[in-house]
Amino acid sequence: MELDKNKPLLKYALDSLKAGDIKTAKNLMGIHPDQLSDSDFVDGMRSLEKGLSLVIKGHHPQSVEPLRKALIVVNSSSDDETKFYVSVLTDFVDGISKLLNGDAHTAVDLLNISSDAIERLNFFIPGFEKVALSCKAAAQTALARTFLNAGNAIEAESCFGIINNTYSELFELLDESKIEDIPFLYTAS
C-alpha cells in the first residue's frame, strides 16, 4: 500500500480496520502487536471513528465519551500526529460540554486552543476554525459574566478584551454570502 503524505495515518488505519486487517491497522498506528489486545484495539478504533463522526456532524457533547474511550488506543500509538489531534479534539468537545453545563472556568481552559492547533485541525475538519473560535468566545463570555456576578470588574474586562480579539479573528474568516457562515455572523454580532 502506497501512503499519501497528505492523508493522516489514522485514515489508513481506519480503512485497514474496515477491511478486516487488524495487523496492518495496528502497524499503521505504531502499536506493537502485544501492546493491546485485538478486541481492545478494535473497540478503541470504533469509538474513535464514532467520536470523529459526531464531531464532524456538530454533535460535540455526544462525542466526549467515544473520544475518551479511544484515548486508550491513541495514547498507545507512536503516531504523534494522531495523539495531538485526538487529544485537542477531546479537550475541545469536553470544553463545549462543560460550557453547556455551566462550568465556565473549566470550559475556558479546555477551549483555549492555540491558533496553530485550530489551523491544523481545520485542514482535516473543514469549518472547525469557525466553530472553535465561536466556542472560545462563548466560553470567555460565560466567564466574564461569572466575574461580573462576583463583582470582579477587572477580570471581566480582561475577558471582554479576549472576546473582542477572538471575534475579530472570526469575522476575518466569515463570508456573509455563504449560507454556512450565517449562524456565526448571528452569534458574533
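**Entry 1: chain overview**

I take helices as DSSP runs of H or I with at least four residues and strands as runs of E with at least two, numbered from the N terminus. On that basis I read the pattern along the sequence as α-α-α-α-α-α-α-α-α-α. The count is ten helices and zero strands. I note that the model is predicted.

I looked up the extent of the C-alpha trace, which spans about 55 × 40 × 25 Å along its principal axes. The chain has 189 residues, and 43% of them count as buried. I also checked how far apart in sequence the contacting residues lie. Of the contacts between residues at least 6 apart in sequence, 51% join residues at least 24 apart.

**Entry 2: α1 against α2**

I looked up the packing of helix α1 (residues 9-18) on helix α2 (residues 22-29) and found an angle of about 170°, with the axes 8 Å apart. Angles over 145 degrees count as roughly antiparallel, so I record α1 and α2 as roughly antiparallel to each other. On the α1 side the contact uses Leu9, Leu10, Tyr12, Ala13, Ser16 and Leu17, and on the α2 side Ile22, Thr24, Ala25, Leu28 and Met29.

**Entry 3: α1 against α3**

I then turned to α1 and α3, whose axes lie 11 Å apart at an angle of about 120°. That angle makes α1 oblique to α3. I noted the handedness of the crossing of α1 and α3 as left-handed. Leu10, Ala13, Leu14, Leu17 and Lys18 from α1 meet Phe41, Val42, Met45, Leu48, Glu49 and Leu52 from α3.

**Entry 4: α3 itself**

I checked the length of helix α3 (residues 38-56). Its 19 residues reach 27 Å from the first C-alpha to the last, close to the 27 Å expected at 1.5 Å a residue. Which residues of α3 are buried? I listed Phe41, Val42, Gly44, Met45, Ser47, Leu48, Gly51, Leu52, Leu54 and Val55. These buried residues of α3 pack against α1, α2, α4 (64-76) and α5. After α3 comes glycine 58, and I noted its positive phi, near 90°.

I looked up threonine 82, which sits in helix α5 (residues 80-100). Is threonine 82 buried or exposed? The cut-off for buried is under 20% relative accessible area, and threonine 82 has 4% relative accessibility, so I count threonine 82 as buried. Neighbours within four places in sequence aside, threonine 82 is in contact with Leu10, Met29 and Val74.

I also looked up isoleucine 96, again placed in helix α5. Isoleucine 96 has 8% relative accessibility and therefore counts as buried. Not counting residues up to four places away in sequence, isoleucine 96 touches His60, Pro61, Leu111 and Cys135. I took one C-alpha separation as well: isoleucine 96 and valine 64 are 32 residues apart along the chain, and their C-alpha atoms are separated by 9.4 Å.

**Entry 5: aromatic pairing**

I searched for aromatic pairs and found one in the structure. The partners are phenylalanine 84 and tyrosine 85, with 5.3 Å centre to centre and 65° between the planes. Planes over 60 degrees apart count as edge-to-face, so I file phenylalanine 84 and tyrosine 85 as an edge-to-face pair.

I compared the exposure of the two partners against the 20% cut-off for buried. Phenylalanine 84 has a relative accessible area of 21% and is therefore partly exposed. Tyrosine 85 has a relative accessible area of 12% and is therefore buried.

I checked helix α8 (residues 128-149) for length. At 1.5 Å a residue its 22 residues should span 32 Å, and the end C-alpha atoms are 31 Å apart, which agrees. Glycine 151 follows α8 and has a positive phi, near 80°.

How do the axes of helix α6 (residues 104-111) and α8 cross? I found that they come within 9 Å and cross at roughly 150°. α6 and α8 are therefore roughly antiparallel to each other, and their crossing is left-handed.

I listed the contact residues last. From α6 they are Ala104, His105, Ala107, Val108 and Leu111, which meet Cys135, Lys136, Ala139, Gln140, Ala142, Leu143, Thr146 and Phe147 in α8.

How values were computed:
Residues numbered from 1 in each chain as written. Predicted model: local features only at pLDDT ≥ 70, side-chain atom pairs only at ≥ 80, totals over all residues. Heavy atoms only, no water. Phe/Tyr/Trp six-rings, centres within 6.5 Å; stacked < 30°, edge-to-face > 60°. Buried < 20%, exposed > 50% of the residue type's maximum accessible area, 1.4 Å probe, protein only. Expected span 1.5 Å × (residues − 1). Axes fitted to C-alpha atoms, helices over the stretch in contact; angles between N-to-C directions. Parallel < 35°, antiparallel > 145°, perpendicular 65-115°, else oblique. Left-handed = near helix turned anticlockwise from the far one by under 90°. Contact = heavy atoms within 4.5 Å.
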